[in-house]
Amino acid sequence: MSWHLYSLTFRLKSPLHIGFHKVMHLFRTRAYVPAKPFWGALTAKLTRNLKSSNYREVGEFLKKVMRFSYFYLSDGNDVFIPKYTDEGLKFGSLPQMEFEKRFISSLASTSIEPYSFTAEEGMLHEVEFISPYEIHKENEEPKPVFLKGLLWISERSEEKLGVQVNEDNFSITDGKNDVKFSDLANTLQIGGERKYGFGQLKLEELIEVNDQDLDHLGFKGRWKEDKDEIRLELKRNEFIWSHVKYNFDLKIKGSIEPVVGRDWSDRGAGRELRSHGLCWVPGSILMEDKTFKITEEFGIWEVV
């Protein structure tokens, strides 16, 4: 098995809400995109492009042949990955408050009673979102917001589906239909509030990366292939840029949260809650050199 690394940059074309937690009537958004929304969007679109109806089969195949990083906001130059510091949480070089003022906004709405055209009691809610343009002072020209992340792809074949790597691109085939990844990912819609037009993405850049050092891409560490899996080597005082499964022996400082998602079940997509357990959050700081494995569980890391 052979893994190839690609750097992906998407331009955000509409507001983006990535569900986090609720505070009173405010639905907060994460300031980054975990791997699962991208996997879900690619699965849905690829299944249609292959003229198939077996979403589960296609999704399981993508989990085997793809390893995602999380995707982080970028202004086209800097990548704003969270990091815990002695001065508090920062995103890139920006303090949390400055980052949120620059990239995070919200929209309040309520349900209307159809007979009286008045607001329904208890239905007021406010949704945070990542703005598609940087929020600056008046009279300043708006600057677009991007999402940047990494994707490893394995050139392998299963019974019905396979991956073929070409120059600067790769295709997924079922023997009858060949779907180029650049075409597949050209436009995607991810996250919440999609029926209101949220989460529209446009692929701006797809570049194959031949360097194992990830620092020049805005991410920390080095990667290597070992036992058909992706390994990431990070040094002491470097920050993690994915959720890391809790391990009693891991020396790290930061925050912990339970990671829960919706999975396939016999009743259909998203009908079963699945817990990935307690995880250290992106931005937590290593207190020792450590090697991690990127799991099939949507980019979550595990100590090797």
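Q: At what relative accessibility does E296 count as partly exposed?
A: This is a predicted model in which local features need pLDDT of at least 70 and side-chain atom pairs count only at pLDDT 80 or more, whereas totals for chains, interfaces and linings use all residues. Residues are numbered from 1 along each chain as its sequence is written, and side-chain values use heavy atoms, with hydrogens and water left out. Buried stands for under 20% relative accessible area, exposed for over 50%, and partly exposed for what lies in between (1.4 Å probe, protein chains only). E296 falls into the partly exposed class because its relative accessibility is 36%.

Q: Which residue forms a salt bridge with E296?
A: A salt bridge requires a side-chain nitrogen of Lys or Arg within 4 Å of a carboxyl oxygen of Asp or Glu, and the structure holds 19 of them. In the bridge made by E296, the closest N and O atoms are 3.8 Å apart.

Q: What is the volume of the largest cavity?
A: A cavity is a set of points, on a 1 Å grid over the protein atoms alone, where a 1.4 Å probe fits but cannot get out, and its lining residues have an atom within 4 Å of a point. Points are joined across faces, edges and corners, and the volume is the space filled by probe spheres set on them. By this rule there are two cavities of 30 Å³ or more. The largest cavity has a volume of about 60 Å³.

Q: Which element gives the most residues to the lining of the largest cavity?
A: The lining includes W39, L62, K63, M66, R67, F68 and T295, together with E296, F298 and G299. Two or more of the lining residues come from each of α2 (55-65) and β5 (66-68). With three residues, the element that gives the most is β5.

Q: What is the phi of F298, which lines the largest cavity?
A: F298 is placed in the loop between β27 (290-294) and β28 (301-303). Its relative accessibility is 9%, which means that F298 counts as buried. Although F298 is not a glycine, its phi is positive, at about 60°.

Q: What is the relative accessible area of K227, another residue with a positive phi?
A: K227 occupies the loop between β20 (222-226) and β21 (229-234). The phi of K227, a residue other than glycine, is near 55°. K227 is classed as exposed because its relative accessible area is 69%.

Q: Which residue meets D75 in a salt bridge?
A: The N to O distance in this salt bridge between D75 and R102 is 3.4 Å. The pair links distant parts of the chain, 27 residues apart, since D75 sits in the loop between β6 (71-74) and β7 and its partner in helix α3 (residues 96-103).

Q: What is the order of the strands in the open sheet of three strands?
A: Two strands pair if DSSP finds at least two bridges between them. Strand β7 and strand β8 (residues 88-91) run antiparallel and are joined by four bridges, and P82 stands opposite F91 in β8. The pairing in the sheet is antiparallel, and the order is β7-β8-β9. The edge strands, each pairing on one side only, are β7 (82-85) and β9 (94-95), within the order β7-β8-β9.

Q: How far apart in space are N177 and D86, C-alpha to C-alpha?
A: N177 lies in the loop between β16 (169-173) and β17 (178-180), and N177 counts as buried because its relative accessibility is 19%. In sequence, N177 and D86 are 91 residues apart. In space, the C-alpha to C-alpha distance between N177 and D86 is 53 Å.

Definitions and conventions. On a 1 Å grid over the protein atoms alone, a cavity is a set of points where a 1.4 Å probe fits but cannot get out, and a pocket is an open set with protein on both sides within 12 Å along at least five of seven lines; lining residues have an atom within 4 Å of a point.
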